[in-house]
Amino acid sequence: MAQIHTNQTLSVNLPQVLVLGPPSIFRIYEKHLSQKFMLLKPWESPIPLEEFLSIHAQNTTAVLTSSVVAYLSSALRLLPSVRLVVTSSVGPDHIDLKECRRRGISVAYASSVFSADVADLAVGLWVDVLRKISAANCFLKTGLWPVKGDYPLATKLGGKRVGIIGLGRIGQEVAKRLEAFGCKISYQSREKKPSVSYPFYTDVCELASNSDVLIICCALNDQTYHLINREVLQALGRQGVIINAARGAIIDEKALVQFLQEGKIAGAGLDVFEHEPNVPEELLELDNVVFSPHSAVFTEESCKDLYDLVVGNLEAFFSNKPLLSPVQFDDFMR
Amino acid sequence: MESIGVLMICPMNSYLEQELDKRFKLFRYWNIPQTQQFLKENSNSIRAVVGNSMAGADAQLIESLPKLEIVSSFSVGLDKIDLNKCKEKGIRVTNTPDVLTEDVADLAIGLMLAVLRRLCECDRYVRKGLWKTGDFKLTTKFTGKSVGIIGLGRIGTAIAKRAEAFDCPISYYSRSEKADTNYKYYPSVIDLASNCQILVVACSLTPETRHIINREVIDALGPKGVLINIGRGPHVDEAELLSALVEGRLGGAGLDVFENEPEAPEELFGLDNVVLLPHVGSGTIETRTAMADLVLGNLEAHFLNKPLLTPVV
């Protein structure tokens with residue numbers, strides 16, 4: 001009896017956090033989080049979500065969400081007391097930032113925790129596409145080397161013109177890495193960055209015409225939805241490659257499929273898609289496409305860093321201290 | 001120069017082959033059924049040999065070509081050429097340095113990313129429809145990992161420069177410490193392996209560096225360590241590497257070269273922490289063309305009594 005009483009007391013003293021998703025850090029860190037916060041986990045309850053939210057609405061001031069919660073906006077509408085939304089992603093495109101700003105809800109995100117990992121993956125995908133690493137590994141492991149002889153020649157990276165779309169933290173990490181490979185960097189961004197000397201383009205098509213590869217490093221919002229369309233792909237050209245480790249919807253996927261099928265661009269490295277986890281079947285037949293299952297941020301190290309950041313943000317909130325990684329609304333909304 | 005006999009040891013590049021055919025009297029060694037007979041009949045007209053990383057000019061071949069003046073290798077590695085024999089007989093030797101440095105270094109980094117971030121496995125995961133059943137597992141971050149380089153020559157230096165852009169601390173082992181670098185030097189390969197997470201072989205293959213990666217070095221690198229080999233297969237004791245990977249005593253490997261190409265150890269085919277490539281280090285259209293031009297340029301320079309472009313001997 002005494003033991004149960006103690007446990008109940010402990011739980012009541014822990015700050016309450018409503019969890020939606022759940023975010024991927026739960027895979028490893030659920031127990032750790034439960035020791036610091038009283039977690040409300042709607043998916044463990046038999047009652048419908050709306051009812052669950054209504055029951056806890058008054059006491060719920062903090063929400064922890066992943067990026068795949070499409071119903072986040074409707075959930076927040078049922079939670080009048082929320083003051084903080086912590087998302088485990090870098091891209092806050094699943095959050096109605098306008099509404100959060102209006103309601104005075106702070107949003108904390110993954111900030112620069114993943115920048116290096118995403119940059120590493122974007123670079124890795126491009127090296128793979130150009131040097132045919134996955135294809136050649138497959139060729140060898142299916143026993144074809146002694147049978148078919150030398151693998152077909154690939155394409156050199158050095159000297160290639162890299163067009164980065166979005167020169168935020170991730171874009172700058174990509175640029176830094178590829179400069180060391182002897183590539184020439186240019187970029188398109190909402191505004192020119194005075195601190196960098198790379199050539200700046202206001203127009204994505206013009207960037208594409210002057211690039212051998214386009215690497216998408218921008219956020220998904222109203223302005224960037226289907227930013228990469230037929231016109232841009234046409235400008236990129238037959239020798240051009242596109243790398244996307246940002247959001248699937250930045251590319252007009254139907255157009256991309258057509259261009260790849262018809263050989264109108266040379267290849268693609270894709271970590272994200274418009275309808276994950278579904279990928280266009282037509283692309284599976286092409287060996288100049290390298291796929292990745294939205295795994296740009298999923299390394300053990302980043303998971304730990306993200307956990308530390310999520311906890312840090314929640315603890316800061318509950319002790320009325322400044323958030324560690326607040327979303328600056330102006331950066332994401334225009 | 002069309003009467004000058006050039007012996008090409010094996011198929012290596014169709015552009016090179018065509019050009020050699022145009023400019024010289026080309027003999028294709030791999031098409032010859034009775035090599036001893038052929039050599040008896042044609043050795044007096046053969047003044048040049050063109051080899052590559054697979055086959056070059058050993059003592060026996062050199063002895064059987066009394067008019068041999070130059071061996072031009074379609075590679076930077078010289079392990080298939082008996083250099084001492086060439087020196088003894090006054091035979092010139094050229095290779096293809098510099099033009100392939102960047103490609104090989106790019107591939108070394110590509111292998112590191114492919115192994116740590118499981119690029120090939122992820123590609124396979126999506127292609128087989130497994131993403132619909134759930135997310136891929138967590139992989140290992142590459143940025144910031146310590147990289148140890150064996151051999152800080154042209155290729156080793158290029159690898160270091162690239163890895164630095166990923167914030168990787170760089171250390172190296174070389175026959176002697178280099179004065180003009182800030183990278184940390186270790187006086188033995190085992191010391192290097194004990195102090196890095198990713199170990200790259202980037203030195204030339206000589207009798208001294210054969211099996212430079214042995215059991216002790218593999219143990220020092222350990223279950224979280226990754227071995228990258230863009231040098232030569234015989235740099236690594238392949239049997240030891242195999243058992244270490246299969247038993248989980250080594251964290252992973254990215255290999256572009258093997259002891260007995262084009263054979264590669266089948267036991268490694270099913271391991272998701274191992275990326276295997278069919279010796280493609282310099283295998284880009286641009287670089288192979290540049291290498292071919294160097295071979296041709298060296299041969300022409302020699303037969304026109306001009307200074308060789310990239311002489312070794």
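**A guided tour of the predicted model**

Begin by selecting helix α7 (residues 154-164) of chain B, where B:I155, B:G156, B:A158, B:I159, B:A160, B:R162 and B:A163 are buried. Buried means under 20% relative accessible area, exposed over 50%, and partly exposed in between, with a 1.4 Å probe and protein chains only. Helices (H or I, at least four residues) and strands (E, at least two) are DSSP runs, numbered from the N terminus. Contact here means heavy atoms within 4.5 Å.

This is a predicted model, in which local features need pLDDT of at least 70 and side-chain atom pairs count only at pLDDT 80 or more, while totals for chains, interfaces and linings use all residues; side-chain values use heavy atoms, with hydrogens and water left out. Residues are numbered from 1 along each chain as its sequence is written, and chains are lettered from A and ligands numbered from 1 in the order in which they are written.

Remain in chain B and select B:S176, in the loop between β7 (170-173) and β8 (184-185). B:S176 is partly exposed, at a relative accessible area of 44%.

Chain A has 334 residues, of which 55% count as buried. Of the contacts in chain A between residues at least 6 apart in sequence, 59% join residues at least 24 apart.

Select A:S115, which belongs to helix α6 (residues 115-131) of chain A. A:S115 counts as buried because its relative accessibility is 4%. Beyond its neighbours within four places in sequence, A:S115 is in contact with A:R169, A:I170 and A:E173.

For a contrast, move to A:Q58, in the loop between α3 (49-56) and β3 (62-65) of chain A. A:Q58 has 60% relative accessibility and therefore counts as exposed. Apart from neighbours within four places in sequence, its contacts are A:P80 and A:S81. The C-alpha atom of A:Q58 is 9.8 Å from that of A:L78, which lies 20 residues away along the chain.

The aromatic rings come next. Rings of Phe, Tyr and Trp (its six-membered ring) pair if their centres lie within 6.5 Å; planes under 30 degrees apart count as stacked, over 60 as edge-to-face and the rest as tilted. By this rule there are 15 aromatic pairs over all chains. Select A:Y187 and A:F200: their ring centres are 5.2 Å apart and their planes stand at 45 degrees, so the pair is tilted. The pair links distant parts of the chain, with A:Y187 in strand β7 (residues 184-188) and A:F200 in strand β8 (residues 200-201) of chain A, 13 residues apart. A:Y187 is buried at 0% relative accessible area, whereas A:F200 is partly exposed at 22%. Then select A:F37, A:F317 and A:F318, which ring pairs link into a cluster.

Finish with A:N244, A:G248, A:I251, A:E253, A:L256, A:L270, A:V272 and A:F273, the residues that line the largest cavity.

Key. On a 1 Å grid over the protein atoms alone, a cavity is a set of points where a 1.4 Å probe fits but cannot get out, and a pocket is an open set with protein on both sides within 12 Å along at least five of seven lines; lining residues have an atom within 4 Å of a point.
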